[in-house]
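Subject: Structure for you to look through

Hello,

Here is the structure I promised to pass on. Please open it, then read my notes below.

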Amino acid sequence: MPSSNGSELGPSFQLAGLPGLGRAQAWAAVPLCWAYALALAGNGAVLLAVRAERGLHVPMYLFLCMLAAIDLAMATATVPRALCLYWLGSREIGFAACLLQMFLIHALSAAESAVLLAMAVDRYVAICHPLRHAAVLTNRAAAAVGLLALARAVLFFLPLPLLLLPLPFCGPRLLSHSFCLHQDVMNLACANTTPSVVYGLTAILLVMGLDAVLICLSYVLILKAVLRLEAWRERLKVFSTCIAHICAVLAFYVPLIGLSVVHRFGKDLAPLVHIIMGNIYILVPAVLNPIIYGVRTKQIQRRILSLI
């Protein structure tokens, strides 16, 4: 039944603030606000720079635009609500809003993983089959990859909130993060969650896990091709074109793995550790990706400076 503690769909949840800080958490949230502002400015600048520079209208930079758009959507789906929690003390989030936020976080993560895989394939074709690169990776192919990444994300992760929808939630409904994650919400259900557990793990392994394996395989083939070159200077020059992408892959997968490890094995850790790891998972890729590609790509640097 509808009540002050829930909605017609289900109960409301309590987001986790910074423990032990009380009103001081408003000041502790200032770095989070600055990181969000940096993510907005950096990714927005990348999008504007690629749009304005016709020479950047190639698959590699179209994939970068997709990455920037995903990071913007991820940060916007989570950080403003977290700031309301820290600054206004608004801890309660409705059941429908929580499930929507949960779906967006997992679906956008899956889409980002797919784009990173596409960028790895782009680097593989450019290095191992340079004569076929322009014919294989066209702008139309890049657009198709973007649509497929979005469709796969929706297909695999839409069932997550649907599996939680009929479950009863009882007792204290306090989440361990400042936003809603599937495993976090699922642990609060007072019913059999085996289907949700099995499907969630399967979806992550088939999407992010498989993407990670294919990215590693791409770089194994790239390394073989690079090591066949005779001169060390030529090897370094060729492999340096992959440095930005490798950094972007690490910025995405290291926080993802860290958050998964904390959820799986960190039940005895302090609540602050869960909150910090969650914020790192959300914001590190969004903040670092524009910096990484801005530093490594002179065309983007010049266009951003001209726009300023």
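Which backbone oxygen does the side chain of N43 reach? The side chain of N43 reaches the backbone oxygen of A39, at 2.8 Å.

A word on the source. This is a predicted model, where local features need pLDDT of at least 70 and side-chain atom pairs count only at pLDDT 80 or more, while totals for chains, interfaces and linings use all residues. Residues are numbered from 1 along each chain as its sequence is written, and side-chain values use heavy atoms, with hydrogens and water left out.

**N43**

N43 sits in helix α2, residues 30-52. (Helices are DSSP runs of H or I with at least four residues, strands are runs of E with at least two, and both are numbered from the N terminus.) N43 counts as buried because its relative accessibility is 2%. (Buried means under 20% relative accessible area, exposed over 50%, and partly exposed in between, with a 1.4 Å probe and protein chains only.) Leaving out residues up to four places away in sequence, N43 touches A68, D71, L72, A286 and P290. (Contact means heavy atoms within 4.5 Å.)

**The whole chain**

The chain has 13 helices and two strands. Of its 308 residues, 45% are buried. The C-alpha trace spans about 65 × 45 × 35 Å along its principal axes.

**Pockets**

First, the terms. On a 1 Å grid over the protein atoms alone, a pocket is an open set of points with protein on both sides within 12 Å along at least five of seven lines. A cavity is a set of points where a 1.4 Å probe fits but cannot get out. Lining residues have an atom within 4 Å of a point. Points are joined across faces, edges and corners, and a volume is the space filled by probe spheres set on them.

The largest pocket holds about 1100 Å³ of space. It is lined by 45 residues, and Q183, L259, S260, H263 and R264 are the closest to its centre. Helix α11 gives the largest share of this lining, ten residues. By class, the lining has 28 nonpolar, 13 polar and four charged residues. (Ala, Val, Leu, Ile, Met, Phe, Trp, Tyr, Cys and Pro count as nonpolar; Asp, Glu, Lys and Arg as charged; the others, Gly among them, as polar.)

The second largest pocket has a volume of about 210 Å³. Its lining has 15 residues, with A28, P31, L32, I276 and N279 nearest the centre. Two or more residues each come from α2 and α12. Helix α12 gives the most, seven residues. The classes here are 14 nonpolar, one polar and no charged.

**Cavities**

The whole structure has three cavities of 30 Å³ or more. The largest cavity contains about 60 Å³ of space. M60, M119, D122, R123, T241, A244, H245 and Y293 line it. Helix α4 gives the most to this lining, three residues. The lining divides into four nonpolar, two polar and two charged residues.

Best wishes

Note on methods
A polar contact is a pair of N or O atoms within 3.5 Å; within protein, one must be able to donate a hydrogen and the other to accept it, and residues adjacent in sequence count only if both atoms are side-chain atoms.
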